[in-house]
Amino acid sequence: MVEDAEKILQRVFKDDPTNKEALKLKDTGIKTPILILGTLHETNLKHKKYPFSFVANSLSSLHTLLKTQNSPIHLFINTGMNREGIDQHEIEEVIKIIDNNTSRIEGICTHFFEAEIKPTTQATKNQIKKFEYAIEKFKQHNITFKFIHCDASNSSTHFNAPGNMIRAG
């Protein structure tokens, strides 16, 4: 028997570890908004709208989210970890892309690669400066953010970075 396409897509989305936990939370009745931080798989997003906020960690993922979802978006800025994120030189391109979609852009974030080290390292200080620069570039184009986050629970206790949200865990 051939599976219904919706069931196949739902299974693929659920099998994606990035989204599996969010769907479990939603299925248990959680009403609090859920932010998906992980890598996006366009196949999972093309065929269904999901009730989550998503992080765009590249120009490609930003395009995908704007095309496939009606969800709020957080922009992940690469400030030096270099594993993922929108690079500093791509900010002007992001501004052009979101020019007509600013209401969908809800947050901006980054990740520190030496967050656990006390006292705050020069590398982390440099990352904070790059993050502040990115926020300022968006402000110059009248793009502001409801949520600004770069701290995980361990870094929030020992250095001062811009933000109004902490990613616990």
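The structure, a predicted model in which local features need pLDDT of at least 70, side-chain atom pairs count only at pLDDT 80 or more, and totals for chains, interfaces and linings use all residues, holds 3 aromatic pairs, where rings of Phe, Tyr and Trp (its six-membered ring) pair if their centres lie within 6.5 Å, and planes under 30 degrees apart count as stacked, over 60 as edge-to-face and the rest as tilted. Residues are numbered from 1 along each chain as its sequence is written, and side-chain values use heavy atoms, with hydrogens and water left out. One of the pairs, between Phe 52 and Phe 54, is edge-to-face, at 6.4 Å centre to centre and 75 degrees between the planes.

Gln 69, in the loop between H4 and E3 (helices, H or I of at least four residues, and strands, E of at least two, are DSSP runs numbered from the N terminus), counts as buried because its relative accessibility is 1%. Its side chain reaches the backbone oxygen of Leu 45 at 2.9 Å and the backbone nitrogen of Tyr 50 at 2.7 Å. Beyond its neighbours within four places in sequence, Gln 69 is in contact (heavy atoms within 4.5 Å) with residues including Lys 48, Phe 54 and Arg 104.

Notes
Buried means under 20% relative accessible area, exposed over 50%, partly exposed in between (1.4 Å probe, protein chains only). A polar contact is a pair of N or O atoms within 3.5 Å; within protein, one must be able to donate a hydrogen and the other to accept it, and residues adjacent in sequence count only if both atoms are side-chain atoms.
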